[in-house]
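Visitor: I am new to this structure and would like to learn how to read it. Could we take the features one by one?

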Amino acid sequence: MTVLTAGVVAVIFGSGAYLLLKPDLFRVVVGIVLVSNAATLALMASGLSRGDPPIAPGAGAEVSDPLVQAMTLTAIVIGFGVAVLLLALVYRIYTSHSTVDLDELSQAEARHEAELEREQVEV
Amino acid sequence: MVYAPLALPWLLAAGLAALDGRRRSVGWVAAGTLTVHLAALAWLGLDVFLDGPRETVTGGWPAGIGIVLRADALGVAFAFVSSLVLLLALVYELQSGGSSRTFPALVLFLAAGLTGLFLTGDVFSFFVFFELSMMASYVLSAHGGEARQLGAAFIFAVVNLLGSFVFLISVAAIYHVTGTLEMAAVAERMTLVEPASAIAIAVSVFVAFGVKLGLFPFHFWLPPIYAGARPAVAAILSGAVANIGAYGLLRFGAGLLPLELELTAGALAVLGAASIVYGSAQALSRRATAEVLAYSSIGQAGYILVALAVGGRVGYAAAVVYAVANSLNKVLLFLAAGARGPLVGGAFALGALSVVGLPPSGGFVAKVELFLAGLEAGSAVLVALIVVGSLLSFVYMFQIYQHDYWRARPAEPASRTSVRLLVFAVALLVLAAGVWPEPLLLLGERCADVLLAEGGG
């Protein structure tokens, strides 16, 4: 089971990392969401145990590890907040640059820097 | 007692978030809160200094179940310096009239996150506070900037989030191999973990904090964000948020994973040296003040890593003293670079002297500590590196000083007197750290003792 989860985490993390390298900002956001889910899954897997739900354990029964579940819930919430924040940033970028492509953004930046350089020379 | 400095900015931040931060009253309530928060931290610090670390288990749970808050010299020192930086930057921004709707609340959230992070004794809540403060800084980094700044802010957020999730995975790994999240217990059980897993954990923790601190191979997000941000935001990012990296490396490296730190010291020293050389060389080739300061931060982070690599009491003390002095330098320089008029030039020059490590500045004390660490390690290369790094920083700092203050320029209106006085006050603080270095040195030693006790020798 541990090996299997490790494999799944690796695949999700890898896909996320691949998307992070794309110039399209939406893909980058999806990449971060995937990476955050890989981390969440790793957290869940770090305390894999069989047993009754800790909130209502049967008499004398083994209880599964509640701590990882608490941590995972927290991590999910954080991942969600992060995704929303990133999407808001992408939207701001879209409204001010009318593009979500990193290549076009950096071209605009290069133009801006060339302008600055010209101004400095004039001064 | 440990709760007060943590809860105060947190509650007020949640309240102020609903109000319009452009109103002066809201800004000043935030500044007042931070002042009380600083006083509470100072009180806590005094108590820790006299009676040793204080520990509280939250929610009244028995030890081992609840989340532990632990105030020791190292944590309180970093919390105090970071909050001081936040207060200075907030007052600066209020005085220069650049506050936005969310600015005061974000600064308070950042204060709460940073304080929690420095005072927690639990690995997972460290991550939670870490994310709380990083989220506030992602939003802050886009504050007041031009459209161009948004792209830099996005890259900053994405790179740091990747770092955060790598850290979360290492938290999962720590829990898996030790079965506990409490730092003290982790430090104890980590010695029994098989070396292969421990090294893998140590490396991912190092990557996570290297990204935060802006160390050489992980630095690429840093210059655009520092160069484009408003002076107060740049001061917050380099003076307060970057402390997460320094503290994390000290707490996790020296405190929780001392064996792995010792094992990889050579590699860390090389990375630190690369950071110093790269940061200085890049800073030399830039002319915009904010950009030079940004690359200089990469170099300064290298010194902290080198001190950490030397290790032992002297090395850890040097790392702490250097991190504190570096925070103050960066605040002074970024704020001074954003202001104009009399007093500002002198303040900038003092900050430049402090970065170089010349007396009578706080930076001099830090460089001496670093020098001692180099001698302790008995490495001629290290000592030479510190000297060369300082010389390079002398050249690039005074190159921009000359460029900014000695050249006839189109007349710019002077900043408000209150802004200039604030910058001057920060300069006096840096000066005081250099003229009366005992408190800083004592602090460094106390922190080193904390780490050595935690790391078990």
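Visitor: Which residues of α17(B) are buried?
Guide: A residue is buried if 20 or more other C-beta atoms lie within 10 Å of its own. In this predicted model, the buried residues of α17(B) are Leu382(B), Leu385(B), Ile386(B), Gly389(B), Ser390(B), Leu392(B), Ser393(B), Tyr396(B), Met397(B) and Ile400(B).

Visitor: What covers the buried residues of α17(B)?
Guide: The cover includes four helices of chain B: α12 (265-284), α13, α15 (344-356) and α16 (362-377).

Visitor: How far apart are the end C-alpha atoms of helix α17 of chain B?
Guide: The expected span of a helix is 1.5 Å times one less than its number of residues. Helix α17 of chain B runs over residues 380-405, and its 26 residues should span 38 Å. Its end C-alpha atoms are 37 Å apart, which agrees.

Visitor: What does that check give for helix α13 of chain B?
Guide: Its 22 residues, 289-310, should span 32 Å, and the end C-alpha atoms are 32 Å apart, so the two agree. Of those 22 residues, 21 are buried, so α13(B) is largely enclosed by the rest of the structure. Just after α13(B) comes Gly311(B), with a positive phi of about 70°.

Visitor: How many helices and strands are there in chain B?
Guide: Chain B has 19 helices and 2 strands. Its radius of gyration is 20 Å, close to the 23 Å that the globule rule gives for 457 residues, so chain B is as compact as a globular protein of that length. The C-alpha trace spans about 65 × 55 × 45 Å along its principal axes, and 63% of the 457 residues count as buried. Among contacts in chain B with a separation of 6 or more, 80% join residues 24 or more positions apart.

Visitor: How many residues does the contact take from chain B and from chain A?
Guide: Chain B gives 23 residues and chain A gives 27. On the side of chain B that touches chain A, the elements giving two or more residues are α5 (123-141) and α6 (147-178). The largest share, 17 residues, comes from α6(B). By class, that side has 19 nonpolar, 2 polar and 2 charged residues.

Visitor: Where in chain B is confidence lowest, and where is it highest?
Guide: Where pLDDT is low, the predicted coordinates should not be read in detail. Chain B averages a pLDDT of 87, and 98% of the residues score at least 70. Confidence is lowest in strand β1 (residues 54-57), at a mean of 84, and highest in helix α4 (residues 103-119), at 92. For the complex, the predictor gives an ipTM of 0.89 and a pTM of 0.91.

How values were computed: Residues numbered from 1 in each chain as written. Chains lettered and ligands numbered in written order. Predicted model: local features only at pLDDT ≥ 70, side-chain atom pairs only at ≥ 80, totals over all residues. Buried ≥ 20, exposed ≤ 12 C-beta atoms within 10 Å, placed from the backbone. pLDDT = per-residue confidence, 0-100. Contact = placed C-beta atoms within 7 Å. Nonpolar A, V, L, I, M, F, W, Y, C, P; charged D, E, K, R; others polar. Rg over C-alpha atoms; globule rule 2.2 N^0.38 Å.
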